[in-house]
Amino acid sequence: MARDPNSHLSSEELAWLADQAASTAETRDRSLDRAEAEAHSRVCSECGLLLKAEGEVRERLFRLGSQAVSFRKAGCPDEQRWAEVAAGTLPEAEARVLLQHASSCDHCGPLLRERTEDLNPEISAEDQELIGRLPSASRDWQAHLASRMADVQQANRSESREAQAVQVRPSRRQTFSWLRWAVPVAAVFAVAVLGVLTWMQRSPSLSSTNQLIAQAYTEQRPFEWRFPDARYGPVRQRRGAPDPRMDESPALLEAESSIAHALAKHPDDPGWLQAKARTELLEGNYGVAIEALTRAESSSSADESLQLDLAIAYGERARSQTNRSSQFADYDRALQLLNQILARNPNNEVALFNRAVVNEQMNKRAEAVSDWERYLKLDSEGAWVDEAKKKIGNAR
């Protein structure tokens, strides 16, 4: 029977593909052709990742099952590092290197397993769903694995007696029967492998995407407003263009690609909607930015950064308005948003800087000067301070 190209491989099918020792008889008995299933896993990114994770889980577990005690090697990191990996406190790149080491080291693999069990980290609902699809997450699979690992240990026991005579005394935990920890370790290593794959899938992350947007702003700052979390850059406007749109910034193009991919999966995610709005602001598409930010705010109304971005969007749209009434209405919306932020946090430098810009553009020079002076009491040096001082001189 031909496979539906739109359906994912089942847990049983993934286990069957991952089992390299599957017999020819088993293959003949199945309604799904093995080559057809393998072809599906190559074109379906989700099934491909799950199959890869399943194979790696099996490989690591049986590597651990082949040897109960192993000496620390020259390249093994300190034991404390595994606690940091399990706790998720290390940078992504460093943690990935350590996980790769643990996957091939008989000494460090069990240490990482123990630290992960001790911490018992919480797993997101999305990751739980993916883990649940792994055959190794099923109780039957784990029970079968425990039995097979016990057989492996029994076969290796006679070979390891001579080596154990010269080895250090194993810890009490290591003397436990494989049958007592084989079941939970299957799930633990499924989580570890899936964590690495999840990092890869989310690269670049929302955080790194926002960093790209901030970089694009700094390199080609298209308006006077301060952008949250962005370094200073001089205002640049394209010659001959009525709106201050961005040039073809590589950082911005990369960010837009990541945002499009993320929103295709999670169209209502407020973080990615905000990132989209920021790219639209830099491109001069203020109406689109306002729409995206309004959608994001409906899910995360307490987020101050959303109000900051909305104030910029309304302020920039006001500058493009030809109708005086509409222009004033947009400036007034921007001013109200910034007033709300500063009522809660009077020392928000970005909000204070941007409110001074709004007052300046509304020809409220006294209010603008007051805001610039307040700003200079909070920020004492740097390029933003130099710009504020120039603006005070112009306003006066």
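Leaving aside residues up to four places away in sequence, Gln307 is in contact with Glu297, Leu337, Gln340, Ile341 and Arg344. In this predicted model, Gln307 is part of helix H15, and it counts as buried because its relative accessibility is 6%, below the 20% cut-off.

Helix H15 (304–320) is also one of the elements against which the buried residues of helix H17 pack, together with helix H16 (324–344), helix H18 (365–378) and helix H19 (383–395). Helix H17 itself comprises 13 residues, 349–361, and spans 19 Å from its first C-alpha to its last, which is close to the 18 Å expected at 1.5 Å a residue. Of these 13 residues, 11 are buried, so H17 is largely enclosed by the rest of the structure. The buried set consists of Val350, Ala351, Leu352, Phe353, Asn354, Arg355, Ala356, Val357, Val358, Asn359 and Gln361.

Both ends of H17 show local features that can be described residue by residue. At its start, a side-chain oxygen of Asn348 comes to within 3.2 Å of the backbone nitrogen of Val350, a residue that is itself buried. Just after the helix, Asn363 adopts a positive phi of about 65 degrees; this residue, which is not a glycine, lies in the loop between H17 and H18 and counts as exposed because its relative accessibility is 61%.

A positive phi near 65 degrees is also found at Asp229, again in a residue other than glycine. Asp229 belongs to the loop between helix H11 (206–219) and helix H12 (250–265), and, at 76% relative accessibility, it is likewise classed as exposed.

Notes:
Residues numbered from 1 in each chain as written. Predicted model: local features only at pLDDT ≥ 70, side-chain atom pairs only at ≥ 80, totals over all residues. Heavy atoms only, no water. Helix = DSSP H or I, 4+ residues; strand = E, 2+ residues; numbered from the N terminus. Expected span 1.5 Å × (residues − 1). Buried < 20%, exposed > 50% of the residue type's maximum accessible area, 1.4 Å probe, protein only. Contact = heavy atoms within 4.5 Å. Polar contact = N/O pair within 3.5 Å; in protein donor to acceptor, adjacent residues only side chain to side chain.
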